[in-house]
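This report concerns the nonpolar cores and the backbone phi values of one model. The structure is shown first, and the description follows.

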Amino acid sequence: MFTGIIETTGIIKKISTFGRNRTFWIESSISDELKIDQSVSHSGACLTVEEIFQNTHRVTAIEETLSKTNLDAWKIGNLVNLERSLKLDSRLDGHFVQGHVDTVATCIGKKEKDGSHEYEFSFPRKFAQLVIEKGSICINGISLTSFNVKKKSFKVAVIPYTFDHTNIKEAKEGSFANIEFDLIGKYVVRSQKISV
């Protein structure tokens with residue numbers, strides 16, 4: 001379980017393919033503090049730390065993960081948002097995030113707004129019930145608030161700190177982002193479908 005508050009970013013140093021899996025070596029300021037078998041959110045996808053060497057760590061994405069995220073498009077040199085799992089004695093500054101990516105959205109607009117940045121994303125319409133006005137949404141592991149919600153798109157506003165300290169600054173029109181919809185909203189929608 002995560003909060004969507006990014007600790008730091010890492011840079012992809014090496015990528016290997018084994019069968020249908022992809023392995024990534026990521027260099028970051030927290031890599032040498034991680035532990036083998038620890039769950040870490042990598043741009044919204046929960047991956048298990050498999051190896052640590054100096055200031056890099058290794059994780060592997062299996063076919064299921066690659067099919068539902070943008071990890072298959074990752075390249076050497078890309079920035080990755082990193083967050084370690086939530087501690088039970090910590091404040092929840094974002095919202096409950098599982099690290100289970102629901103879908104990939106496409107950036108269809110980006111504007112600088114005199115000190116902040118505004119992004120618009122399109123997503124598959126089948127998820128429309130899960131995005132609400134002023135609701136929580138996780139983009140590349142970042143806890144943000146959706147607004148101007150339509151059937152297949154929404155906008156988010158990004159403060160300067162988040163822009164400077166995450167990989168959202170690399171998003172541009174046509175780029176893909178990992179999306180996880182609000183956990184509570186998913187349970188509400190599911191319970192309504194079952195009761196009908």
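In the loop between β9 and β10 lies Lys 134; helices (H or I, at least four residues) and strands (E, at least two) are DSSP runs, numbered from the N terminus. The model is predicted: local features need pLDDT of at least 70, side-chain atom pairs count only at pLDDT 80 or more, and totals for chains, interfaces and linings use all residues. Residues are numbered from 1 along each chain as its sequence is written, and side-chain values use heavy atoms, leaving out hydrogens and water.

Asn 148 is placed in the loop between β11 and β12. Most residues other than glycine have a negative phi. Buried denotes under 20% relative accessible area, exposed over 50%, and partly exposed in between (1.4 Å probe, protein chains only).

A nonpolar core is a set of buried Ala, Val, Leu, Ile, Met, Phe, Trp, Tyr and Cys residues joined through side-chain atoms within 4.5 Å. The largest has 23 residues, and Tyr 119, Phe 121, Ile 137, Ile 139 and Phe 154 have the most contacts inside it. At least two residues of this core come from each of β8 (103-112), β9 (117-122), β10 (136-139), β11 (142-147), β12 (153-158) and β13 (176-181). Apart from this core lies another, of 17 residues, including Val 40, Leu 71, Trp 74 and Val 80.
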